[in-house]
Each structure stands twice: as structure tokens, then as C-alpha cells.
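Work through the exercises below with the model open. Try each task before reading its solution.

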Amino acid sequence: MRAWHVETPGPVTGRPLRLHPDDEVPRPGPGELLLKVLACGVCRTDVHVTEGDLPPHRPTPPGVTPGHEVVGEVAAVGEGDAAGFKTGDRAGAAWLRQTDNTCKFCLRDAENLCPASLYTGWDANGGYAEYMTVPAAYAHRLPRGYSDAELAPLLCAGIIGYHALERAELPPGGRLGLYGFGGSAHLAAQVALARGATVHVLTRGAQAKRLARELGAASVGDAADMPPEPLDAAILFAPVGDLVLPALAALDRGGTLAIAGIALTDIPPLNYEKHLFQERQLRSTTSNTRASAREFLGLAAEHKLAVTVHPYPLDAADRALRDLKAGAFDGAAVLIP
């Protein structure tokens, strides 16, 4: 099978990914599914894995295969519990691949904080390939009414955006600011709008601004602008620490800023009175629980979300990553084997 590997982490412009045309098709272990990849979303976390911002967890050659927004068809089932999946079913693989189910975090329904957690496309080979495996207990049933390409971004961009929205504690009918408007933000915006929120988008790209207006944003401005009204909540999707300060300054009393990314450039010094006083909160977002993911996918089944996708052939995965980092498109890129 064809599969990409991060052979030497470094800038995506330097081509750290290499396409291997003759990898062996993996065999599913006990409790695992073998997926024939139908579509795989291209996520900013893949950039961090490829460039080494996330330290390699599989540094030995040929390196890990990225990709954790995977829509697949079950091609084979390993021995043991298959969580109800059978050959021919459609299934999704997301970022969270495995937890220990015994630590204090798992036992209090916070498995996203499990110290022994493993991740698709970082600890184990992901979906920049024609086949991959996933533990059946961590695979997801997928909503109907979406194409394979539309489903792929839901499995990380959608799930993480939804979790970040939860972390931001947006009150009913509240005012939400979104900093950056890519694959995750354009889905979170639709969830918030469906719940009656007023959404203000602050981003740099002309295409992203156009998409925000089309989806119903009340205002659209540049990333460092102040929104036209104080915000009850905000989510920072852009991995730019400098934007933490204007986002906090835009919050109303008691507002919360949630950072949605797995990596962020350094945050400049805060001014307590300007950025945090009056019970403003700054929160991070770490992965997701399976329960949160399935709640979001259930919501996506009930409310048809407009998923903006840009398909790339599997052979062009390195170009898709470069285009993502350069902000060359709105919405989400999706690899189609």
C-alpha cells in the first residue's frame, strides 16, 4: 500500500514527508479494526507532528504516518471485541486512539487527560495511507447525510471545536469571538449559531472572511481587531500566542477564552487589570473524550453542517500540508486515496 511517513521532522517547505509506495498492509490486532481509508482530513496538528513541534513518538525509520481524521471502511476485524463493528461498515478514527481506563482521570470521565493516552498519527500510524488500524473501542459510528470527504473534518476539527466551545462556557444566546477561521472554527461557528449565539470572527485570510460571512457571522475583522461588542466567550484557533492578549481584552466581565490548539507560540506578558481582572478566564483544550466526540457526531446527524472541503489526492499530502500552513484555503483539506 501507499503511505506517507515523517522521516525527518522539519519545516513542511523542506519536504520532511516521504511517500512509500510498497508498505505492508497492517494486520488488526486483538480488538482492532483494519480500515481501508476512504478520506483523511489534513489537520494543523499534522503540521506540528511533521515539523517536530510535537516531539516524535516513533522516531525510528521510516517514522510515523500522520493523519487522524480518518473515514474508512472496515476491511478486517481482529480477534476479540469489535465493539459491534463488522466487515463493510463505515467507521471513523480520531486523534484519541487509546487510554488506560484505570487512572483517576479516566475514572472521572476525563480520559482526554489520561497520562497513558495514545494518539492516531503520532503514537501509531494514521490515515495518510491506504490502510490503517484503530482500536474498535475508540472507533466512531458516522452520521448519515455526509460524503466521506465531508465526514473527515468532523473527526477532529469538528470534535475539537465542539470541545473548545464547551470549555469556553458560552452562555445561551451569548456573544462568541472566534480567532482564526479554518477547518475547526467554521464548524464550531455553526454549532454556536444553531444554539442562538452571536458570532464575531477575527481572522487574516480573505477566503476565511468570506466563508465566515456566508455562514452568518455578525461581524468579520482582522485577527488583532476588537470586535464591535464585548464577548461572553472566545476561542483561539490560530496557534499564535500574540492573539491571546487582544482576545482576553475583548472579553466582557466573567468571560472565558479557550485555546483550541495543541501547540501555541509564546504568550506575551499579560496585564492583570486589562486581561484577567473581573473574573476573565484563560483555558486550554486537551484532546477530547469519546463521550464528547459522540455527542458532537450526534449533533452533526441532527443538524446538517456545511463542511467546506478541498480534496487532494493522497500523493499530494505534502502539498496539502504546505497549503494549510500558508493559509491557502478556507475550510479543510481532505486526502482522497
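**Exercise 1: The cover over α5**

Among the elements that cover the buried residues of α5 are α4, β10 (198-202) and β11 (219-221). The model is a predicted one.

Task: Find which residues of helix α5 (residues 206-215) are buried, and which exposed residues its opposite face carries.

Solution. 
- Step 1. List the buried residues, with under 20% relative accessible area as the cut-off. In α5 they are Ala 208, Lys 209, Leu 211 and Ala 212.
- Step 2. Recall the helix geometry. With 3.6 residues a turn, residues three or four places apart in an α-helix point the same way.
- Step 3. Turn to the face away from the buried side. The exposed residues there are Ala 206, Arg 213 and Glu 214.
- Step 4. Read on past the helix. Gly 216 follows α5, and its phi is positive, near 110°.

**Exercise 2: Two partners of α3**

Task: At what angles does helix α3 (residues 148-168) pack against helix α4 (residues 185-194), and against helix α8 (residues 290-302)? Classify each pair.

Solution. 
- Step 1. Take α4. The angle is about 50°, and the axes are 8 Å apart. α3 is therefore oblique to α4.
- Step 2. Assign the hand. The crossing of α3 past α4 is right-handed.
- Step 3. List the contact. From α3 come Pro 153, Leu 154, Ala 157, Gly 158, Gly 161, Tyr 162 and Leu 165; from α4 come Leu 187, Ala 188, Val 191 and Ala 192. By class, nine are nonpolar, two polar and none charged.
- Step 4. Take α8. Here α3 packs at about 105°, with the axes 9 Å apart. The angle falls between 65 and 115 degrees, so α3 is roughly perpendicular to α8.
- Step 5. List this contact too. α3 uses Leu 154, Leu 155, Gly 158, Ile 159, Tyr 162, His 163 and Glu 166, and α8 uses Ser 292, Ala 293, Glu 295, Phe 296, Leu 297, Leu 299 and Ala 300. The classes are nine nonpolar, three polar and two charged.

**Exercise 3: Helix α9 and its contacts**

Task: How do the axes of helix α1 (residues 44-51) and helix α9 (residues 317-326) cross, and what does Arg 322 contact beyond its sequence neighbours?

Solution. 
- Step 1. Read the crossing. The two axes come within 10 Å and cross at roughly 110°. α1 and α9 are therefore roughly perpendicular to each other.
- Step 2. Name the residues. α1 supplies Arg 44, Asp 46, Val 47, Thr 50 and Glu 51, while α9 supplies Leu 321, Leu 324 and Lys 325. Three are nonpolar, one is polar and four are charged.
- Step 3. Move to Arg 322, which sits in α9. Outside the four places on either side in sequence, Arg 322 touches Val 12, Thr 13 and Arg 15.
- Step 4. Check the sequence gap. Arg 322 and Thr 13 are 309 residues apart along the chain, yet their C-alpha atoms are separated by 6.4 Å.

Conventions
Residues numbered from 1 in each chain as written. Predicted model: local features only at pLDDT ≥ 70, side-chain atom pairs only at ≥ 80, totals over all residues. Heavy atoms only, no water. Axes fitted to C-alpha atoms, helices over the stretch in contact; angles between N-to-C directions. Helix = DSSP H or I, 4+ residues; strand = E, 2+ residues; numbered from the N terminus. Parallel < 35°, antiparallel > 145°, perpendicular 65-115°, else oblique. Contact = heavy atoms within 4.5 Å. Nonpolar A, V, L, I, M, F, W, Y, C, P; charged D, E, K, R; others polar. Left-handed = near helix turned anticlockwise from the far one by under 90°. Buried < 20%, exposed > 50% of the residue type's maximum accessible area, 1.4 Å probe, protein only.
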